[in-house]
Amino acid sequence: MAGVLIIADGMADDSAGIDGALASLSEAHTPAIDYIRTHGSTLRCYFINSGESVGSEYAIASILKSPVRLARGPLEALGLGLRFTDNYMAARVDRVDSACAKIPWGEDILSSLRKRGVESYPLATGGTLMIKPDDMPSLGDLLDELGVARSDFRIWGEGRCVIPEIISQRRGTVVAGLSLLKGLADVAGMDFIRPEGADGTITTDYAAKGRAAVSLLEKGEELVVVHIEAPDTASHLRCRDLKVEALSLIDRNIVGPLLNYALSCSQEVEIKVMSDHPASPVTGKHINGPVDCFTFNNMTKR
C-alpha cells in the first residue's frame, strides 16, 4: 500500500468562534477534500504532547512518528544543512515592526553579532536563524548591548543543536519548501524534495508540489508527505480571505491530482488530509486544540 499525508499547516481555525473549527475550509472551494470527507472517514487528532509549545516542529514530528523531538531552531539549522554540536544554541530571532511583521535585520547589527561569535541565516519566510556558542551571553542580552529594543525582536524556538544519527531504514519522502521540514525529514529518516518554485511562502508553487508527489507515487514510493505552509502564514497575517484562497489552491493543485491518481490506480493508495495544529486568522496565533484528519482509501471505495 502507498500512503499519502497532506499537511495543510494551520488549516483548522477558530474564525467561527470555536477552537479547531473548519470555518475557513468551509468557505474554500475544495471538491477533492469534500470527496475524501464524503467517501472516507474523519478522525479528530491532537499532535502536541503535554508541555510542548503549539508549533509545527512538534506537531509534524508526531505526524511523522519521529523518534526525536527538537525545538524549532535546531531543526531549522539541520534543514539548512548546518551541522553544529550540542555546545551551540540555535534560535529564531525575528526582527519585527510595530505591527509585529517580520522585517530584515540591518547589516550593521548582523556584522556586530558576527564579531561576537553569532552566525545568522536568513530564511525563506522572512525570519532569521541565529546560532551561538552555549557559553556566550543570551541572544537577548547581546541585542540589548547593541541597543536593539526588546519590542523590536522576537526570540523563539531556542534549543541545543544536534548532529542526527543516521537512520538506516528509509521511511519515505517529504515534499515541502521550508527548511524546517528538511530538518524534520532528516531526524525522521526520510528523504526530502523541494520542487522548483516551492519556497514555503504564501506564493509557493502549489502545482509543483502536486506534480512531485504524484511522480513519487508513480515511481513506487510507499510514503509521500506533502507540506504546505500557506494556510498558517495567512492565519498569522490575520487574513481569512487569503487563507480561504490558499486552501482552494491546495485542493486544486495538490489534493485533486493525488485523489485522481488514487482513483485510477489498481494498487491500494490511502490519502490523509490534515492540519498539524489550528491557527486563527482572527488573532494571528496558533491554537492549542485538536484537528480533523480526513482519510480515503481507494480500495474501500471500490
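Reply: Contact, which is how cover is judged here, means heavy atoms within 4.5 Å. The model is predicted, so local features need pLDDT of at least 70 and side-chain atom pairs pLDDT 80 or more, while totals for chains, interfaces and linings use all residues. Numbering starts from 1 along each chain as its sequence is written, and side-chain values use heavy atoms, without hydrogens or water.

Take helix 5, residues 107–115. Helices (H or I, at least four residues) and strands (E, at least two) are DSSP runs, numbered from the N terminus. The buried residues of helix 5 are Ile109, Leu110 and Leu113. Down the axis of helix 5, these buried residues fall within an arc of 95° (directions from the axis to the C-beta atoms), so they line one face of the helix. Asp108 and Lys115 sit on the other side of helix 5 and are exposed. The cut-offs are under 20% relative accessible area for buried, over 50% for exposed, and partly exposed in between (1.4 Å probe, protein chains only).

Now the cover. Strands 3 (88–96), 5 (119–122) and 6 (128–133) are among the elements over the buried residues of helix 5. Helix 6 (139–145) is another of them. Just after helix 5, Gly117 has a positive phi of about 95°.

Strand 3 leads on to the largest pocket, where it supplies at least two lining residues. A pocket is an open set of points on a 1 Å grid where a 1.4 Å probe fits, with protein on both sides within 12 Å along at least five of seven lines; lining residues have an atom within 4 Å of a point. The volume of the largest pocket is about 1,100 Å³, taken as the space filled by probe spheres set on the points. Its lining has 34 residues, and Cys100, Lys102, Arg154, His236 and Gly284 are the closest to the centre.

The second largest pocket holds about 260 Å³. It has 18 lining residues, with Leu5, Ile63, Lys65, Lys272 and Met274 nearest its centre. Helix 3 gives two or more residues to this lining, as do strand 2 (41–45), strand 10 (223–228), strand 11 (269–274) and strand 12 (291–297). Strand 2 gives the most, four residues.

Last, the salt bridges. The whole structure has 16 (a side-chain nitrogen of Lys or Arg within 4 Å of a carboxyl oxygen of Asp or Glu). In one of them, Arg69 pairs with Glu52, with the closest N and O atoms 2.8 Å apart. Arg69 lies in the loop between helix 3 and helix 4 (72–79) and Glu52 in the loop between strand 2 and helix 3, so the pair ties together parts 17 residues apart in sequence. Arg69 is partly exposed, at 31%.

Asp144 bridges to Arg150, closest N and O atoms 2.7 Å apart. Asp144 is partly exposed at 33% relative accessibility. Arg150 is partly exposed at 46%.

Asp186 and Lys182 form another bridge, at 3.0 Å between the closest N and O atoms. Both lie in helix 7 (residues 179–188), four residues apart, about one turn of the helix. Asp186 is buried at 19% relative accessibility, while Lys182 is partly exposed at 23%. Elsewhere, salt bridges with shared partners join Glu57, Arg72, Glu76, Arg92 and Asp94 into one network.
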